[in-house]
Amino acid sequence: MNLGSNVKKQISFKDNSKRWNWVLLIPFAIITLLLLIIPLIMIFIKAFMKAKGADSVSDNWIFINGFIWQKILMSAFVALITTIICIFIAYPFAYFLSTNRNRIFKTIVIFIATAPVWTSFLVKLIGLKTFFDICAGYDNSTFGNFWTIIGFIYLYLPFMIMPLYSVLNGMPKNLIYASYDLGYGSFRTFIKVVLPYTKVALISGITLVFLPSLTTVAVPQFLNNNNDNSLIGDIIVSWGESGLTNDVDMASASALSLVLSLLLLGVYAVYLLSYKVLWKKIKAKRKGQNA
């Protein structure tokens, strides 16, 4: 009798936990619906609806020309360079910090590394531009996307450091020691052990750096004094601001945002497909070696 009652209690407990899981999802579902799904639907409708003052829906898409594609490619290039540099800075930094045993030292370094996140976005840009102008000895001394990349690195490097550090700090050190005992050097240990272990954190860091760098605003306008300093995010915001009085510009901004989203989804789909194909080849190669 006791065994049967215990089984019934366990079943009822599982049923209740499943019900509570659905209840706990309600706040997230509401936020996702209001702040993600509905705005995306509105952007889609706006992009394919005839705007006031336009002759047809095609006027919403008249922006698709060489200039816009050049800006998209330049934005992607700047974001890619920023992400690569952040990886090369963050990986050794996070690994060194995770292997240090001094907790006070870790706390101080993490505080310094994440300090840019704690202040206002605009204040950080003004401070960085002022610093560059002081070093140069005159105002408005920064010209070119090089300075934009430096600004992106300064702003988004903490978002690459923290995921890597969190995972590396919890990685069992016996994995490293076992790799050394098997005869692997530091480089092969990194490739065979550390990199696979931190793969998810690395992908998170890349996402948190690349996407904001691709679509962010204000940074190029502050740090690049060239006349053609705007990137694709600045163009979308500019059209959105003028769209308050011009419905065609608002529709064009919606259409451009939709194009950019589809491009990102396409790149992600290519990544998933190539990753699966590559993983299948690796598995087949391993089976052949084991046979």
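A residue is called buried here when its relative accessible area is under 20%, exposed when that area is over 50%, and partly exposed in between, using a 1.4 Å probe and protein chains only. With that in mind, select cysteine 86, which is buried with a relative accessible area of 0%, and then cysteine 135, which is exposed with a relative accessible area of 56%. The structure holds zero disulfides, a disulfide being a pair of cysteine sulfur atoms within 2.5 Å.

Before going on, note that this is a predicted model, in which local features need pLDDT of at least 70 and side-chain atom pairs count only at pLDDT 80 or more, while totals for chains, interfaces and linings use all residues. Residues are numbered from 1 along each chain as its sequence is written, and side-chain values use heavy atoms, with hydrogens and water left out.

Next, select residues 121–136, which make up helix 5; helices are DSSP runs of H or I with at least four residues, numbered from the N terminus. Helix 5 has 16 residues and reaches 23 Å from its first C-alpha to its last, close to the expected 22 Å, a span taken as 1.5 Å times one less than the number of residues. Colour Lys124, Leu125, Leu128, Lys129, Phe132 and Asp133, which are buried in helix 5. They cover an arc of only 165° around the axis, which puts them on the same side of helix 5, the arc being that of the directions from the helix axis to the C-beta atoms. Turn to the other side of helix 5, and there Val123 and Ile134 are exposed.

To see what covers the buried residues of helix 5, show helix 4 (115–118), helix 6 (145–170) and helix 10 (219–223), which are included in that cover.

Now zoom in on lysine 124, which is buried yet has no salt bridge, the nearest side chain of opposite charge being aspartate 234, 16 Å away. Here Lys and Arg count as positive and Asp and Glu as negative, while His and the chain ends are not counted. Leaving aside neighbours within four places in sequence, lysine 124 is in contact (heavy atoms within 4.5 Å) with Pro116, Val117, Thr119, Tyr154 and Leu155.

Select lysine 46 and aspartate 247, whose closest N and O atoms are 2.9 Å apart. Lysine 46 lies in helix 1 (residues 2–47) and aspartate 247 in helix 12 (residues 247–290), so the pair ties together parts that are 201 residues apart in sequence.

Note on methods: Helices (H or I, at least four residues) and strands (E, at least two) are DSSP runs, numbered from the N terminus. A salt bridge is a side-chain nitrogen of Lys or Arg within 4 Å of a carboxyl oxygen of Asp or Glu.
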